[in-house]
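Dear colleague,

Please find the structure we spoke about below, together with its sequence. My notes on what was found in it follow directly after.

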Amino acid sequence: MRIAVDAMGGDDAPRTVVHGAVAAAREDGVALLLVGARAVLEDELARFPEVDSLSISILDAPDVIGMGEPALAVRRRPGASVRVAAEAVADGAAEALFTAGHSGAAVMAAHGAFGLLEGIERPAIAATIPTRDGAAILVDAGASVSCRPEHLVVFARLGAAYASVMLGVDRPRVGLLSNGEEPGKGTSLVRGAHARLVETPLHFIGNLDASELFTGAADVVVCDGFTGDVVLKTSEGLVEAIDGLMAEEMARSVTAQVGAVLTRGALRRFRARLEYSEYGGAPLLGLRHLCVIGHGRSSPKAIATGVRLAARFARERLVARLEDGLRDPGAWRAAPSHGHAE
């Protein structure tokens, strides 16, 4: 079980990426193929005295797709780390790809190297989001911006199959993200998708008002990639704003500071439920091989969690099970829940 890690992808790469990947190798026995500039990665690995006892190899990739570059740059840069890593997976040198780099470039590199499952026209990012009841799957979270109604139907099918693996839900409830619960609400894309989803064997609960996103009303929330990306980034910004506002309020008086001490455990648990590092990354569904995309600002902990997640999906044959789920809804009744990645 070897995971190809785009060691140059991410805001603080390669140091943070190597740090997190080595933690996954040390603590979980994950074998690594670190992809990036060899000399740079050798210097980073030299920081870890235990590295010689771990299964870590380097695949040289001299180029990097920067966060500010267009995703199309990956087509013109055959030496880019994310592209070399994706091709290594396609060639059988690793079972899955993990990257915290440019998500658009990751989608293009993985799509180009892996190809799509039969019947799939667009890949979709499946992000795990916290809810009152635990978690839900948001799909698509940014891979396919311009969609047709039939694409959202396929996203729903992929999301339902994935929810059975990630969340352990036998028959996931699928909701279509909209600006109201009524079938006639939403854009022409949403209305068209709604009309098609009611005809599927999915457990479709109808439109999901945006205000219900985090209530646990649905196990799978379906939308186009533009909407999904906006939802995730808005949610992240809101969490950071709440965190900052709470800190400011608690610093206003001695009484507030005493209250902060008394509620410290609850506040810590609250932050943990909203922290993206708890999930590590989001798989790119619909491809013939595994790709997990992490947050660009991932900490070493988040990188380690993402690498573990990729290894888990490889062990549990996620791609084959998604393929089965697309053919036969009964295949969604899969392995017991493991919860989110530990």
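Strand β1 (residues 2-6) is largely enclosed by the rest of the structure, because four of its five residues are buried, where buried means under 20% relative accessible area, exposed over 50% and partly exposed in between, with a 1.4 Å probe and protein chains only. Helices (H or I, at least four residues) and strands (E, at least two) are DSSP runs numbered from the N terminus. Please bear in mind that this is a predicted model, in which local features need pLDDT of at least 70 and side-chain atom pairs count only at pLDDT 80 or more, whereas totals for chains, interfaces and linings use all residues. Residues are numbered from 1 along each chain as its sequence is written, and side-chain values use heavy atoms, with hydrogens and water left out.

On one hand, β1 runs parallel to strand β2 (residues 31-36), to which five bridges join it, and Ala4 stands opposite Leu33 in β2. The chain passes from β1 through helix α1 (residues 15-28) to β2 in a right-handed β-α-β crossover, meaning that, with the strands pointing away from the viewer, the path from the first strand over the helix to the second runs clockwise. On the other hand, three bridges join β1 to strand β4 (residues 96-99), again in parallel, and here Ala4 stands opposite Leu97.

**The whole sheet**

These strands belong to an open sheet of eleven, with mixed pairing, in the order β3-β2-β1-β4-β11-β10-β5-β6-β9-β7-β8; two strands pair if DSSP finds at least two bridges between them. The edge strands, each pairing on one side only, are β3 (56-60) and β8 (203-209), and the twist averages 30° from one strand to the next. Further along the sheet, β6 and strand β9 (residues 220-222) pair in the parallel sense over three bridges, with Leu138 opposite Val221 in β9. Val292, found in strand β11 (residues 290-293), is buried, with a relative accessible area of 1%, and its C-alpha atom is separated by 9.5 Å from that of Ala126, 166 residues apart along the chain.

**An aromatic pair**

The structure holds one aromatic pair, and pairing requires that the ring centres of Phe, Tyr or Trp (its six-membered ring) lie within 6.5 Å, with planes under 30 degrees apart counted as stacked, over 60 as edge-to-face and the rest as tilted. The rings of Tyr162 and Phe313 have their centres 5.7 Å apart and their planes at 75°, so the pair is edge-to-face. Because Tyr162 lies in helix α6 (residues 149-166) and Phe313 in helix α11 (residues 300-315), the pair ties together parts that are 151 residues apart in sequence. Tyr162 is buried, and Phe313 is buried as well.

**Backbone points to check by eye**

Most residues other than glycine have a negative phi, and most peptide bonds are trans. A cis peptide bond, with omega about 0°, joins Ala13 and Pro14, and Pro14 is found in the loop between β1 and α1. The peptide bond from Val139 to Asp140 is also cis, with omega near 10°, and Asp140 lies in the loop between β6 (134-139) and α6. Arg317, a residue other than glycine, has a positive phi, near 55°, and is placed in the loop between α11 and α12 (318-327).

With best wishes

Note on methods. Axes are lines fitted to C-alpha atoms, for helices over the stretch in contact, and angles run from 0 to 180 degrees between N-to-C directions.
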